Each structure stands twice: as structure tokens, then as C-alpha cells.
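Have the structure open as you read.

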Amino acid sequence: MRVLVVDGEPRTAVLLRRGLTEEGYVVDLAATGPEAVWRAREVPYDLIVLDVLLRGYDGFEVCRRLRAAGCWPPVLVLSARNEISDRVRGLDAGADDYLAKPFSFAELYARLRALARRGAHARPSLMAVGDLRLDPASRRAWRGGTELRLSPKEFALLELFLRHPGEVLTRTLILEHVWDFPCDGVSNVVDQYVAYLRRKIDRAGQASHLETVRGAGYRLLNPTPVTSG
């Protein structure tokens with residue numbers, strides 16, 4: 001999942017990026033209010049972590065501008081201000097959650113997982129296509145009654161496909177959401193990991209869940225069993 005961290009304090013921003021990256025998120029940074037609005041309107045982020053004290057305009061104004069522009073990724077506000085009036089102000093500006101500083105990373109991760117389940121629109125806690133299921137909160141996945149043993153990148157790749165069932169996802173989009181680098185026209189890391197994932201989720205006698213769309217990318221399907229006769 002791709003997260004925008006907006007914090008005007010460089011040390012805090014780097015600390016947040018390190019912690020979130022270790023949890024498997026792809027993280028971009030913005031240091032000012034105008035930069036945050038520009039980035040959030042240009043990139044379809046899955047989550048935004050937003051500090052209040054920013055140059056240009058504060059986090060509350062950033063949130064108001066994004067919502068006014070029809071930009072609705074879940075927003076978690078971080079602030080040293082812990083007064084009820086500040087929390088109310090943040091929520092009224094369009095934020096989805098508010099976490100006071102100092103905070104524990106364990107609580108931050110839990111709140112982000114909860115927001116990710118809700119997303120820009122209501123999302124089920126358990127994602128499923130056919131008998132392929134994934135729980136973002138516990139980071140577990142199953143095919144039928146069998147739990148899948150997935151690496152962090154395989155899990156992130158499967159989660160991305162399950163969030164967009166039936167849609168063609170380009171290699172560039174996959175790279176930007178699962179890895180933190182753009183497509184250079186040479187890297188075949190997406191093809192390699194799709195192959196790894198296929199070996200873990202597909203079954204003999206059934207069509208593959210992951211369809212290769214020539215010249216475009218990949219699409220998650222709901223395959224039906226192949227019957228004889």
C-alpha cells in the first residue's frame with residue numbers, strides 16, 4: 001500500500017518512513033501544506049499520515065482542500081495538540097482519525113490497518129475473490145481452507161489484486177504500489193513475483209487466478225473449475 005507522510009520536521013518524517021517501510025508500506029514524503037495537496041491530487045494514495053504544523057497552510061487546511069477537491073483517501077492526523085477542540089477541528093476538516101504525539105508505533109500501525117480496511121469507501125475486513133481470501137489486519141491469506149505462506153511482497157501484491165478484482169493492473173502501477181520505484185522499462189520484478197504468487201495460489205485442474213493481459217499487465221479473475229467429459 002502506498003502512503004503519503006506529511007510532516008514538516010525532517011527527523012520525524014524519516015522516522016515515520018523507516019517504521020512504515022519496515023511494515024511493508026511504500027512511503028512518499030511531503031514537508032509543506034501545498035506540497036501535500038499537490039502530491040495527494042497527483043497520486044492515488046491508499047493512506048495519508050498528516051501532521052498539523054506545516055508551512056504554507058496547516059494540516060487541517062490540507063485536509064479541507066483535499067476533501068473539497070474530491071480527494072478521499074483515509075487521513076490520519078498526527079499532532080502534539082491533544083485538546084478535544086483540536087480533535088474536533090481535525091475530524092470536522094475531513095480527517096478519519098486523530099493520534100496525539102507522542103505515540104507508539106504499535107498503535108499507529110493498528111490505526112492505519114483499520115483505516116486501510118475502510119479505505120476511501122467502506123471495505124470489508126476480509127477481502128475475497130472466489131475461495132481466495134485475505135485479511136489485511138492479521139496479514140494472513142487462504143486458498144480454500146489452506147493458509148498461504150506468502151513473503152511480504154507477495155502478500156502486498158495479492159492485496160493489491162484483491163482491491164481491484166477484474167481490473168487490468170499495469171506493471172507501472174504495481175511497481176508504484178508494491179515497490180518504491182517507477183518502471184524503468186527493463187525490470188522484470190513484477191513478472192517474477194506474479195509467477196511466484198501463481199505457484200502459491202493456483203491449483204491443478206483450474207484456470208489461473210492471475211491472467212496475463214498481453215501488452216497491458218495482469219488481472220485477477222475468479223476462475224471456475226475445469227471439468228472433464
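R111 is partly exposed, with a relative accessible area of 23% (partly exposed lies between buried, under 20%, and exposed, over 50%, using a 1.4 Å probe and protein chains only). This is a predicted model, so local features need pLDDT of at least 70 and side-chain atom pairs count only at pLDDT 80 or more, while totals for chains, interfaces and linings use all residues. Residues are numbered from 1 along each chain as its sequence is written, and side-chain values use heavy atoms, leaving out hydrogens and water.

**Salt bridges**
- R111 pairs up with E107 in a salt bridge, with the closest N and O atoms 2.8 Å apart (a Lys or Arg side-chain nitrogen within 4 Å of an Asp or Glu carboxyl oxygen).
- The two sit four residues apart in helix α5 (residues 105-118), so about one helical turn separates them (helices are DSSP runs of H or I, at least four residues; strands are E, at least two; both are numbered from the N terminus).
- E107 is partly exposed too, at 32%.
- R140 forms a salt bridge with E147 at 3.0 Å between the closest N and O atoms.
- D7, D51 and K101 are linked in a salt-bridge network.

**Strands**
- β8 and strand β9 (residues 146-147) pair in the antiparallel sense over two bridges (pairing takes at least two DSSP bridges).
- W142 has E147 in β9 as its bridge partner.

**Confidence**
- The chain averages a pLDDT of 86 (the predictor's per-residue confidence, from 0 to 100).
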